[in-house]
Structure formats: C-alpha cells, structure tokens
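Let's go through a model together, question by question. Have the sequence and the coordinates open as you read.

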Amino acid sequence: MVEFALVFPLLLLLIGGGGDLARVYFVGIEITDGARQAALYASDNAPVLQAPPLSGYVPGTGYTTAQLTSIAQGNAGSGVLDCPAGKVSVTATVPPATSSGFTQTITVVCSLPMLTPFLPTTVPIRTTVNVFVVPTA
C-alpha cells in the first residue's frame with residue numbers, strides 16, 4: 001500500500017501529461033486546418049488591385065481579420081478537447097502590390113490551456129500559411 005501511495009501520483013501525472021500531449025497534437029492539426037481554410041478564403045476574397053500601374057488596393061474590397069478569425073475558430077472546434085472559443089487569434093499581412101501578384105501571410109495562434117497540474121498554464125500553438133495571389137484586375 002505504501003509503495004502504491006508513493007507511485008500513484010507520479011503515474012497520474014504521466015498519464016495526464018500524455019493526454020495533454022495528445023491534445024496539443026490534435027489541436028495543432030485543427031489549427032493548421034483552420035489556417036489553411038482562412039488562407040483559402042483570403043485568397044478567394046483578396047483585395048482588388050487598382051488599374052495599372054498597380055498603385056494599391058481598391059478600398060472596401062477583400063476581407064476582415066474578424067472573418068478570418070471566425071473561419072479559423074470554426075475549424076478549431078469548441079469542445080472540451082478543442083481550442084476554447086475566444087482563444088484563437090489571426091493576423092493577416094498583405095504587402096504592397098506588384099504586377100505579378102503578392103503573398104498573403106495568415107498566422108493563426110491558439111492559446112491552449114493545459115488540463116494537467118504542474119504543466120504550463122497555456123501552450124501557444126502557432127501556424128503560418130503563405131498564399132500567393134495573382135492579380136485579376
């Protein structure tokens with residue numbers, strides 16, 4: 001009984017840590033999928049370039065960061081094992097336009113809270129996707 005009482009907390013920590021590690025891997029796959037879906041949406045709804053010479057983007061076209069965050073959160077789920085609602089953040093950068101196109105960078109970060117005690121309270125899971133957009137204007 002004494003040996004069991006000494007080993008049991010360590011065994012629980014190992015099992016819980018393994019479960020959290022599997023959860024981090026699972027959420028990483030979901031966040032990657034969410035970043036790809038947000039990048040696909042961003043490439044389909046890219047800002048329209050002004051007529052040549054390409055001097056910039058037409059105001060009011062394109063997408064908002066809130067739309068991309070909604071798409072990424074939708075793919076990240078909202079269950080117990082998923083990234084919690086409100087913990088997903090998205091940043092999108094669109095560099096200056098060129099005649100050949102531009103590369104959009106979509107970065108999705110999930111601050112995943114751990115369930116096992118004695119581990120860090122949150123683990124940031126970050127995924128970056130680059131999409132090259134060819135201008136159609």
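Below are a few questions on an aromatic pair and a sheet.

This is a predicted model, where local features need pLDDT of at least 70, side-chain atom pairs count only at pLDDT 80 or more, and totals for chains, interfaces and linings use all residues. Residues are numbered from 1 along each chain as its sequence is written, and side-chain values use heavy atoms, with hydrogens and water left out.

Q: How are the ring planes of Phe 4 and Phe 8 arranged: stacked, edge-to-face or tilted?
A: Rings of Phe, Tyr and Trp (its six-membered ring) pair if their centres lie within 6.5 Å. Planes under 30 degrees apart count as stacked, over 60 as edge-to-face and the rest as tilted. Here the centres are 5.2 Å apart and the planes sit at 35°, so the pair is tilted.

Q: Is Phe 4 buried or exposed?
A: Buried means under 20% relative accessible area, exposed over 50%, and partly exposed in between (1.4 Å probe, protein chains only). Phe 4 comes out at 52%, so call it exposed.

Q: Which strands stand at the edges of the sheet?
A: Strands are DSSP runs of E, at least two residues, numbered from the N terminus, and two of them pair if DSSP finds at least two bridges between them. The open sheet runs S1-S2-S3 with antiparallel pairing. Each edge strand has a single partner strand, so one side is left without a neighbour in the sheet; these are S1 (88-93) and S3 (122-133).

Q: Which residue of S2 is the bridge partner of Ser 89?
A: S1 and S2 (residues 102-113) pair in the antiparallel sense over six bridges. For Ser 89, the partner in S2 is Val 109.

Methods: Helix = DSSP H or I, 4+ residues; strand = E, 2+ residues; numbered from the N terminus.
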